[in-house]
Amino acid sequence: MTRMLLAGAALLALSVGASAQTIGFSQIGSESGWRAAETTLTKQQAEERGYTLQFSDAQQRQENQIAAIRSFVAQGVDAILLAPVVATGWDAVLQEAKEAEIPVVLLDRQVDSSDDLYLTAVGSDLVHEGKVAGEWLAKEVGDNKCRVVELQGTTGSSPAIDRAKGFRDGIAGKANIEIVRSQTGDFTRALGKTVMESFLQAEGGGKDICALYAHNDDMAIGAIQAIKEAGLKPGQDIKIVSIDAVPDIFQAMAAGEANATVELTPNMAGPAFDALEKFWKDGTVPPKFIQTESKLYTQADDPQGEYERRKDLGY
Amino acid sequence: MSINPRLYPLLATIGIFLVGYLISYLQFPAMLSTRVIGNLLTDNAYLGIVAVGMTIVILSGGIDLSVGSVIAFSGVFIAVLLRDTSLHPLAVFALLLIITTVFGAAMGWLIHALAMPAFIVTLAGMFLARGVAYMMTIDSVAISHPFYSMLTSAYWLMPGKGRLTLIGVLMLISVLAGAIIAHRTRFGAAVFALGGGEQTARLMGVNVGRTTVLIYAFSGLMAGLSGIVFSIYTGSGYPLATVGTELTAIAAVVIGGTILTGGAGYVIGTLFGVLTMGLIQTYIVFDGTLSSWWTKIVIGLLLLIFILLQKGLLRLTAFGEART
């Protein structure tokens, strides 16, 4: 019996002994469409590069993530990707991975542990996203006078604070552009629509509004509905710029109802794998923060095609 | 040789764990490393400790739904006190254990004095403890006391680089202590008697009120201890932590072979119940392609098997008694 077991174990050991890299990925969960898309893209990226991906969904619980990382270490994976559910409490388990010489790359969120416990963190810069949106509008309107209304994200949340700041940086120095009204739409379509309705009423039925800046696409889509109901043409009478680049905003852009969006890419794994490959090849240590590109998409960038490319990612 | 039918569920539990481990090992030889064994103990330490308290409660025919919230409260209490005062962690631990034990005792007293179902009283306790945790902070508070760094890095490196951590050992000691209390003390005998029915227990001369208060006080103490272990494990206090852990603990107790209606079971079985659940989770991470929700599905199936086993066993013993 023992001999049989040993033989079986040896066979299995041989069959998994190939040189392909194994990556453990501890994901927070699947609470939003964006996160589902991040999971899909990570799996795709791993497949394209020929890695074996060990995926573990933590169901929003830190204890599940810690246990998963420990199992990855026990398994001897070549690298660990971690999208941490909270910022605190990672020191011990990251230390354990470090002692086992397994590089850890943080995705999308940061931790408050000392930065020598992980290889690098991949994420977007929220201020920069807002700035890209602001710069687009500044270029778009040129020297014409423009009164802007702003739909903010959830009050006090870091995306709302940073995207508001970035946009103001983007239009800084342009005296012709003025943010006349700014209110929270809580990142939802329903509130985006309601708040836009009140903006339209307050601004002479919308005649005095030149552009809308929404902190995410969902609020912009709600606002488009409100603008249409007020008898105006979204995208022409009122220019619309928002952030995230979810599939639905590309549909609106294809229909000419939205003008621009800044992408918060769910492809955090791509840059992470690039950094890991360099690290494995000759030990190049990447910077502690790798900023993902905040790409601007306008109506000229084949919105229909972008929609097709994104619609199956799980958004 | 005949085996006491009361031992069947315990043997089934140990059997399922060993067979499960064998299957995992055949598929992933790395499963039989000291690392995985160390991880099983460390990752399930908080659950194992709280499940010991839950075993005593269930043996008496009761239930304690407050423990998950008490663990979260404990973590927040420790983190906030260490942040805002200069108390030593050991003093905070002592203070915390007194609070959670008194909290448990108060619930036990209400259950007995008002003749209320344990379900309702401990449900109220669950909301209360979680609410207080939220009152203290809504954020995740990091603990950065040097004593804590010492506790988190306290482990014995086993051959093969597995880590036998302090909290893992603490869990094993709790199981041992729970087993002695349940099976070797007068209090333990009173718990079993109470599980057989309050009337019978009275006839046997058990002080029902005192025993009930002690049972829930013990569960509160274990929940507090589990909270300390959880705070060492995560190095922080978070009011949203361990939501639903009371149900996971109940599942571990039942999979461990204790009968949900009380009166029969073994504390050591609970340890195997906890380890079996940890094993399933480890297997799913090792596999890497299965959805982690399979953990819940398998635990659900195991629970069902054990409930059926218990029913079958009751029939069997009833039949046996009728025959003699």
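The radius of gyration is taken over C-alpha atoms, and the rule for a globule is 2.2 Å times the number of residues to the power 0.38. For the 324 residues of chain B, a compact globule would have a radius of gyration near 20 Å; chain B has 20 Å, so the two agree. The model is predicted.

**Chain B as a whole**

- The C-alpha atoms of chain B fill a box of roughly 65 × 55 × 30 Å along the principal axes.
- Chain B has 14 helices and four strands.
- Of its 324 residues, 54% count as buried.
- Among contacts in chain B with a separation of 6 or more, 80% are between residues 24 or more positions apart.

**Chain A: confidence and domains**

- The mean pLDDT of chain A is 91, and 94% of its residues reach 70 or more.
- Residues 5-18 of chain A have a pLDDT below 50, and this stretch has seven contacts in the model beyond near neighbours in sequence.
- Where pLDDT is low, the predicted coordinates should not be read in detail.
- Chain A is divided into domain 1, made of 20-124 + 266-284, and domain 2, made of 126-264 + 299-310.
- The C-alpha centres of domain 1 and domain 2 of chain A lie 33 Å apart.

- Strand 3 of chain A (residues 79-82) runs parallel to strand 1 of chain A (residues 22-27), and four bridges join them.
- In this pairing, S26(A) stands opposite L82(A) of strand 3.
- Strand 3 of chain A is also parallel to strand 4 of chain A (residues 104-107), with three bridges between them.
- Here L81(A) stands opposite V105(A) in strand 4.
- From strand 3, the chain crosses through helix 4 of chain A (residues 91-99) to strand 4, and this β-α-β crossover is right-handed.
- Strand 3 of chain A is covered on both faces: A79(A) and L81(A) are buried on one side, and I80(A) and L82(A) are buried on the other.

**Chain A: strands 6 and 7**

- Strand 6 of chain A (residues 146-152) and strand 7 of chain A (residues 177-184) pair in the parallel sense over seven bridges.
- V148(A) stands opposite I179(A), which is in strand 7 of chain A.
- Strand 6, helix 6 (residues 158-170) and strand 7 of chain A form a right-handed β-α-β unit.

**Q281 of chain B**

- Q281(B) is in helix 13 of chain B (residues 267-287).
- Q281(B) has 24 other C-beta atoms within 10 Å, and the cut-off for a buried residue is 20 or more, so Q281(B) is buried.
- Leaving aside residues up to four places away in sequence, Q281(B) touches A67(A) and T295(B).
- The C-alpha atoms of Q281(B) and S292(B) are separated by 7.6 Å, and these residues are eleven residues apart along the chain.

- Most residues other than glycine have a negative phi.
- D302(A) is not a glycine, yet its phi is positive, at about 55 degrees.
- D302(A) is in the loop between strand 12 (296-298) and helix 11 (303-310) of chain A.
- With 14 other C-beta atoms within 10 Å, D302(A) is partly exposed.
- T242(B), also a residue other than glycine, has a positive phi near 50 degrees.
- The loop that holds T242(B) is between strand 4 (236-237) and helix 12 (245-255) of chain B.
- T242(B) is buried, because 30 other C-beta atoms lie within 10 Å.

Key:
Residues are numbered from 1 along each chain as its sequence is written. Chains are lettered from A and ligands numbered from 1 in the order in which they are written. This is a predicted model: local features need pLDDT of at least 70, side-chain atom pairs count only at pLDDT 80 or more; totals for chains, interfaces and linings use all residues. Domain bounds come from an automatic or database domain assignment. Two strands pair if DSSP finds at least two bridges between them. Helices (H or I, at least four residues) and strands (E, at least two) are DSSP runs, numbered from the N terminus. A crossover is right-handed if, with the strands pointing away from the viewer, the path from the first strand over the helix to the second runs clockwise. A residue is buried if 20 or more other C-beta atoms lie within 10 Å of its own, exposed if 12 or fewer, and partly exposed in between; C-beta atoms are placed from the backbone. Two residues are in contact if their C-beta atoms, placed from the backbone, lie within 7 Å. pLDDT is the predictor's confidence in each residue, from 0 to 100.
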